[in-house]
Each structure stands twice: as structure tokens, then as C-alpha cells.
Amino acid sequence: MITVKKNETSPAPHPVDAGINDIEELVASWEELAFKYEYGQNSAYDRRVLDCAARLGADPGGSLAYIWVFGMVVAGRYLNWLPGDGVKEAALRALRTADAALSAKDCAHASHPYETHDEEEDEELASWLVPLLDESEEWYEDWSRDQWRCPCNAAGFTRIALDALAPGSVANVPPRLPQEAHDTLHSLSAFLEGYPRPGTDVEAEIEEQGWALKAAEDPDDRSGRIMVVRAVGWYAASGVVRRKTVLDGLISALEKALSHYDAGTCPHGDDEHPVLPDTAPAAAAIGIELSYPGGRALYERRRAENDKRSASLELLLCPGFIVEIGQESLTLLRERRDHFFGPCS
């Protein structure tokens, strides 16, 4: 059991001997970092991350390593946003060291909390510190304190942090979308709903989706990107776009992407293919999700757990289906381009 002294102070707070007020201050500082990371580069936030990395690096396999691992998970969005020079690199070094040290340890647990951890719960990790360290606190979790404090659970959260900072660099982690996917989706949703974020260049955002489609090499990524272009294509074809090159870019991206497909390979009947969302924000959301391996894994997990009636990935990513929706978008964009800017010579 870890004892936390109450109503005491220490000149150099550390959870081994820190007062409960020091732990609560640590929690508050991490929660601030989690919720205010978009305010820009912040030297105080950088110091918090570097201190966390130093603490973790000093005892990467220790019984309290999970404290600093949680801090790294909480700091993930800031580290993917605008950290100071070398801060993200320091975090990665500490996490890799901790992953090796913690993964080498054994435990008697059949399962751990990290296995069902959702990305939306990242910022909540800090709030678990006080009840984990002070066993006089009420405990309402389904998982036991021992499972939460287990080195194997800490190793799992270490991999979660590593995957958030360097997607695809580690295995055996719950699926999640990379931060760039969230940023893209937030921006697209805002202007597709009619309320673009301040400073958003909507035409540049639309063009970027065409470039992303052209750059997609994995067939499944490409299929998701076609769905995204389908969504922004409706907006672009509505008449709000003033530059012909924006429509030209989406058209050329679809032409290139569709050249990779053979619609004749579709084994499904006409009524087997799914019905995609018919509103632009929802259509963009599913496209972004399916554009990433982590997103496709999330979709399948959600389908298995909550909604078995939704379409399988096999049907969603069927070449015949993708050609169908891609060709519809291509036809629409060509017609609207010619309508607004005159037929192409």
C-alpha cells in the first residue's frame, strides 16, 4: 500500500512522500494542460512535460511509474500541438525506456484497464491519482486498485502514449485516431455545418482533401479519402467556391483514385451495399475515420460491441461500392464546374 501523508508539505514533492495537497496540485496542472493545450506554446506546460519525463526516466520500472505515464497520456494532445523544442523528443525517450522496463515485469491479472481505454478518457487519468494513492478515498471503479497500479497496466498506458505521439510505432494498444485526424475532422465539421473556425481558409481546406486523396497509397485509406471528397464535394459544388482550381483539384484527385479500382470485382448484389450518410458533416466523419487503420479498427470494435446492424468494413470498402460513390461525386463536380466556369476546352 502507498501511504500519502495528509496536510503535510515537502520541499520537493514526489508521490512517495508528498502531501495530498501536492498530488491535487499535480492533478490540477495536468488537467489544465489537457484542456488548454490549444492556446499555443507554453513554457510552463513544457516544464511540466519535461519534469514528468525526468521523473519517469529516473525510475521507469518502479511501482509509481504509472503516475508519470498517466501524465504523458494526458499531455499527448499538447505534445502533438505546439510543444517547445525537444519537449516531445524527451517524452518519447522516457516513454520508450519505461515501456521496455515495465513490459518486462510479470503480473497475475487476467486483464487491465488500458485494454478498454478510450481516447476520450485520456484527460480523466489525472483524476485517478488521488484515489489510487490514498486508499481511504472511495473507490467506484470496476477495475481494482491493484489492476490500475500494476506495471503491466502502466506498460499498456505507456504504449497508448507512444502510439498517440508516434502512430503505428507500437503494437498491442487500443485503436485510436491520430491527432491529425481529429484536427481535420473538427475543421471540416465546422465549415460544413456553416460555422467555419476563425481564420479558416475554406477553399484551402477543400483543396487539402483532394491532395490527401492523391497521396493515399493504401487501398483502404484511399477508399476513406474518396468518402471525404464526396462530402466536401457537395459543399464545393454548391456555388460557394470561387476558384475553378478548387473543383479541378477534386476532380483530378478522384480521376487518379478511381483508376486504381476494378468495379467488376464486386461480389455483392445491388441491395447489399450500405447507405452512407447524406449530410456533409456525417459523411466527412465516416470518411476520415475509415482513412486511418486506427479508425477502421475503432469502427469494427464499435460495431462488434454496440451496433452489429451497421455495415461491415467489407461492404463499406468494397471496390464496386467505392467506384459507385466516387463516380457519382466525379460526375457532380464536373457538371458544376462547367456550370459555374464554362465547359473545359
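At 10% relative accessibility, E289 counts as buried, where buried means under 20% relative accessible area, exposed means over 50% and partly exposed lies in between, with a 1.4 Å probe and protein chains only. The model is predicted: local features need pLDDT of at least 70, side-chain atom pairs count only at pLDDT 80 or more, and totals for chains, interfaces and linings use all residues. Residues are numbered from 1 along each chain as its sequence is written, and side-chain values use heavy atoms, with hydrogens and water left out.

**Salt bridges**

Side chains of opposite charge can pair when their charged atoms come close. A salt bridge is defined here as a side-chain nitrogen of Lys or Arg within 4 Å of a carboxyl oxygen of Asp or Glu. The count by this rule is 16 salt bridges.

| Pair | N to O distance |
|---|---|
| E289 and R302 | 2.8 Å |
| D221 and R296 | 2.8 Å |
| R55 and D51 | 3.5 Å |

E289 forms its salt bridge with R302. This pair links distant parts of the chain, with E289 in helix 13 (residues 280-290) and R302 in helix 14, 13 residues apart. R302 counts as partly exposed, at 38% relative accessibility. Helices are DSSP runs of H or I with at least four residues, strands are runs of E with at least two, and both are numbered from the N terminus.

D221 pairs with R296. Here too distant parts of the chain are linked: D221 lies in helix 11 (residues 219-240) and R296 in helix 14 (residues 293-305), 75 residues apart. Both D221 and R296 are buried.

The pair of R55 and D51 lies within helix 2 (residues 43-58), at a spacing of 4 residues, about one turn of the helix. R55 is partly exposed, with a relative accessible area of 25%, and D51 is partly exposed at 35%.

A network of salt bridges links K244, D248, R337 and D338.

**Largest pocket**

A pocket is an open set of points on a 1 Å grid over the protein atoms alone, where a 1.4 Å probe fits, with protein on both sides within 12 Å along at least five of seven lines; lining residues have an atom within 4 Å of a point. The largest pocket holds about 450 Å³ of space. It is lined by 20 residues, of which E119, E120, E289, L298 and R302 are the closest to its centre. Helix 9 (179-192), helix 13 and helix 14 each give two or more residues to this lining.

Conventions:
Grid points are joined across faces, edges and corners, and a volume is the space filled by probe spheres set on the points.
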